[in-house]
Amino acid sequence: MKQLQDASKELMDNLIFALNHSMDLKKDGVELMTPFAVVIKSNNKTIETFFGDTADYGEQMCEKIINDEDPDFLIYASDSYLTQDGIKYDAVLLKAYDKTDSEIYLVGQKFKPKTENEDFEQIGNPGFLGTLENKFSSANNRFGHSRKVGNSKPWWKFW
């Protein structure tokens, strides 16, 4: 498994951009962040937002973007939770895709949400959570997740 320092500088620059954007949204009091992707192709950077009924919708739209647009980089951000030392934290999960890399990098950032009585607080530094194999170009896999085969569920459905 690769480590975050193995990612390209361009991917890291775009990952930091997406992380800062998501923290700005949370700082502004956005309770439920609409999942979004920063899409970079030929030095053009766009932000796509995904309004949908299910948690999988944003990832499905990222898959569609990768299939249809063949971006150089794509960073997907969504609300999540991280547990550390038995404490469950609000967090943002980022999945960083580079079409030239064999891995998709997972990064999480914990935070304390803004409330009527308390200000937003970013907790610690972003944390590297591991990688997923980037088999996106394979017919059997999209955005680092195995497709359903027969009656079995993809491994990521068990999270």
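The expected span of a helix is 1.5 Å times one less than its number of residues. Helices (H or I, at least four residues) and strands (E, at least two) are DSSP runs, numbered from the N terminus. The structure is a predicted model, in which local features need pLDDT of at least 70 and side-chain atom pairs count only at pLDDT 80 or more, while totals for chains, interfaces and linings use all residues. Residues are numbered from 1 along each chain as its sequence is written, and side-chain values use heavy atoms, with hydrogens and water left out.

Helix α2 spans residues 56-69 and has 14 residues. From its first C-alpha to its last, α2 reaches 20 Å, close to the 20 Å expected at 1.5 Å a residue. Buried residues (under 20% relative accessible area; exposed means over 50% and partly exposed in between, with a 1.4 Å probe and protein chains only) in α2 are Gly 58, Glu 59, Cys 62, Glu 63, Ile 65 and Ile 66. They lie on the same side of α2, because they cover an arc of only 160° around the axis; this arc is that of the directions from the helix axis to the C-beta atoms. Asp 70, which follows α2, has a positive phi near 50°.

The strands are considered next. Two strands pair if DSSP finds at least two bridges between them. Six strands form an open sheet with antiparallel pairing, in the order β2-β1-β3-β4-β5-β6. At the edges stand β2 (44-49) and β6, each of which pairs on one side only. On average, neighbouring strands of this sheet are turned by 25° against each other, direction ignored; axes are lines fitted to C-alpha atoms, for helices over the stretch in contact, and angles run from 0 to 180 degrees between N-to-C directions.

Within the sheet, β1 and β3 run antiparallel and are joined by five bridges; Val 38 has Ile 75 in β3 as its bridge partner. The antiparallel pairing of β3 with β4 extends over 12 bridges, and Leu 82 has Tyr 89 in β4 as its bridge partner. These two strands, β3 and β4, form a hairpin with two residues between them, and Asp 85 in the turn has a positive phi of about 55°. Gln 84 stands opposite Ile 87 in β4.

Helix α1 lies across β1, β2, β3, β4, β5 and β6, and runs at about 145° to β4. Helix α2 packs on the sheet and touches β1, β2, β3 and β4, its direction making about 155° with that of β3.

A nonpolar core is a set of buried Ala, Val, Leu, Ile, Met, Phe, Trp, Tyr and Cys residues joined through side-chain atoms within 4.5 Å. The largest nonpolar core has 21 residues, of which Leu 11, Leu 15, Ile 75, Val 92 and Leu 94 touch the most other members. At least two residues of this core come from each of α1 (9-27), β1 (36-41), β3 (73-84), β4 (87-98) and β5 (103-112). The largest share, five residues, is supplied by α1. A second, separate core of 13 residues includes Cys 62, Ile 65, Leu 74 and Tyr 76.

Glu 121 is found in strand β6 (residues 121-133). This residue counts as partly exposed because its relative accessibility is 38%. Not counting residues up to four places away in sequence, Glu 121 touches Phe 111 and Lys 112.

Terms used: Contact = heavy atoms within 4.5 Å.
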